[in-house]
Amino acid sequence: MLRDAWLVAGKDLRIEVRSKVALGQVAPFAFVVVLLFGLALGPAVGRGSVLSAAAPGLFWVAVLLATVLAVQRSFAVEAADGAADGLRLSGLDPAGVFLGKAAAVAGQLLVLELFLAAAVSLVYDRHLSALVVLAASCVTATIGLVAAGVLYGVVSMGARQRETLLPLLFFPLVAPILLGATKLWGEALAGAPGRGSGWLELLGAFAVAYCAIGVVAFGPLLEEA
Amino acid sequence: MSPGAGPGGGRGTAVLRVLGLLGLVGVVATVWLGLWVTPPDRFMGNLVRLLYLHPAIAWVMYIAYGIAFLSSLLYLWPRTRALAWDRLAGASSEVGVVFTGLTLVTGSIWGRPTWGVWWTWDPLLTTTALLFVLYLGYLAVRQIPGEREARARRSAIAALVAFVDVPIVYFSVLWWRSLHQPPTVDDPVTGKTYVHGSMAWTLLLSFVALTLVYAWLLAHRYRLAALADLEEGEGLELAIAERRAEAGGVPARGEEPAGADLVGAAAGVPDPGARGPGAGR
């Protein structure tokens with residue numbers, strides 16, 4: 001299963017490296033979102049301003065929006081040239097395909113989050129502190145996000161209106177991640193990380209639950225999508 | 001497969017009609033008792049009359065999602081796999097979504113005069129709002145085209161995915177709120193209002209009446225889903241029969257309508273036009 005996951009992740013990441021869609025479109029899109037929030041809530045920056053106070057939440061909303069694009073991209077790749085049929089007939093373990101696609105999207109998102117955090121810090125004038133907590137919440141939240149995203153990505157793959165369906169399915173589902181990750185970031189940036197402990201565990205529980213569902217349910221969903 | 005498999009006529013069975021009638025009588029009685037017979041509350045005044053509507057609607061919402069979840073599980077379980085469970089899950093969550101919308105609307109109408117706001121980020125309210133969009137998404141998944149069994153399995157998995165999220169959403173919103181301030185909104189049923197006498201009876205009646213309405217809506221939605229499945233299956237046979245009649249040449253032409261009627265009658269689907277009014281009832 002893990003070997004299959006490795007293969008699929010490698011394939012997806014190679015496609016991204018060669019096509020540069022994630023780099024050329026998804027990442028700039030996330031940055032545009034950051035700018036839009038600035039236009040909507042600015043122009044004041046610095047301590048006490050709306051932008052600075054809202055920075056953790058804005059960062060995570062931007063990540064959520066980018067996740068939808070990345071997941072859509074991940075399945076658009078399979079839609080072209082009957083690639084999905086190839087994947088079905090390849091004999092790869094469906095659980096491995098799920099983990100591989102999720103890992104590829106997660107890898108892209110984590111890199112994106114790194115740059116996005118820097119952008120938020122600069123543009124909203126918010127100093128980043130407690131980097132370990134920030135990183136831990138990024139990793140845990142991202143695993144949950146991509147597990148739910150890839151699961152719903154394959155559900156909506158067969159739909160004609162998949163571009164509109166995926167966000168409708170995805171955003172309400174990951175509302176707990178938005179809450180948890182924003183809280184963790186808010187506490188960390190306020191210089192009091194870990195006070196509201198339990199959030200990291202909640203993010204972890206979400207990630208585990210949806211990875212488990214994905215491993216079990218991806219096979220039947222892929223077959224019929 | 002039970003009720004819907006052999007739909008008799010356009011409007012369902014006598015049992016269904018009695019069920020609908022009972023629901024109607026119950027609702028009318030609740031309205032009469034709630035608006036005229038019961039006294040106004042000492043603190044809430046006439047606003048208390050929403051007590052006979054809002055909790056019962058929310059109650060139906062829980063039942064509807066519970067049944068949708070259980071029937072999705074029963075569909076996924078290989079031993080009990082039957083399309084009937086899929087139809088039941090679809091019918092129940094459809095009714096559930098309607099009642100979630102009503103819960104939000106009636107709650108908001110109640111909240112404005114009692115709390116002073118249309119909306120508050122109370123855990124229960126926030127969870128209900130997210131539940132509404134989660135299950136709207138589930139209904140959208142049900143519409144994705146595909147083979148009948150494939151659709152059913154996909155829908156059942158989607159129902160499971162959504163249902164697992166509900167407790168996580170609830171707890172996350174609870175924590176999210178409690179870090180700021182403790183929830184300020186007491187439960188109107190148990191916290192603020194002492195229910196007794198005619199009020200208690202009216203409250204109870206409202207639960208019974210709306211549950212009957214739910215059962216009636218559910219049965220009709222189930223019946224329509226069964227009819228739609230039947231039409232999907234029989235429609236193909238009908239088309240094949242027509243095509244054969246055509247291929248039979250000119251002499252067979254006279255038989256064509258008769259043959260089509262026969263298939264239509266066997267399917268119990270009167271004609272496509274009759275489905276419209278049926279859906280409204």
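Mentor: A salt bridge is a side-chain nitrogen of Lys or Arg within 4 Å of a carboxyl oxygen of Asp or Glu. This is a predicted model, in which local features need pLDDT of at least 70 and side-chain atom pairs count only at pLDDT 80 or more, while totals for chains, interfaces and linings use all residues. Residues are numbered from 1 along each chain as its sequence is written, chains are lettered from A and ligands numbered from 1 in the order in which they are written, and side-chain values use heavy atoms, with hydrogens and water left out.

Trainee: How many salt bridges does the structure hold over all chains?

Mentor: The count uses the definition just stated and takes in every chain. Over all chains, the number of salt bridges is 13.

Trainee: Which residue forms a salt bridge with A:Asp12, and is that partner buried or exposed?

Mentor: A:Asp12 lies in helix α1 of chain A and its partner in helix α5 (residues 94-123), 89 residues apart; helices are DSSP runs of H or I with at least four residues, numbered from the N terminus. The closest N and O atoms of the pair are 3.0 Å apart. Buried means under 20% relative accessible area, exposed over 50%, and partly exposed in between, with a 1.4 Å probe and protein chains only. The partner has a relative accessible area of 1% and is therefore buried; its name is A:Lys101.

Trainee: Which other residue forms a salt bridge with A:Lys101?

Mentor: The closest N and O atoms of this second pair are 2.6 Å apart. The partner lies in helix α3 of chain A and A:Lys101 in helix α5, so the pair ties together parts that are 23 residues apart in sequence.

Trainee: Where is A:Ser74, and which residues does it contact beyond its neighbours within four places in sequence?

Mentor: A:Ser74 is placed in helix α3 (residues 50-79) of chain A. Its relative accessible area of 6% is under the 20% limit, so A:Ser74 is buried. Contact means heavy atoms within 4.5 Å. Leaving aside those neighbours, the residues in contact with A:Ser74 are A:Asp12, A:Lys101 and A:Val105.

Trainee: Which residues have the most contacts inside the largest nonpolar core?

Mentor: A nonpolar core is a set of buried Ala, Val, Leu, Ile, Met, Phe, Trp, Tyr and Cys residues joined through side-chain atoms within 4.5 Å. The largest has 105 residues, and its largest share, 13 residues, comes from α3(A). The residues with the most contacts inside this core are A:Phe59, A:Trp60 and A:Tyr210.

Trainee: What area is buried between chain A and chain B?

Mentor: Buried area is the accessible area (1.4 Å probe) that two parts lose on being put together, summed over both. The contact takes 29 residues from chain A and 27 residues from chain B, and the count of salt bridges between these chains is zero. Carbon and sulfur atoms give 78% of the buried area, which is about 2,400 Å².

Trainee: Which element gives the most to the side of chain A that touches chain B?

Mentor: The elements that give two or more residues to that side are α6 (131-155), α7 (162-173), α8 (175-189) and α9 (199-224) of chain A. With 10 residues, the element that gives the most is α9(A).
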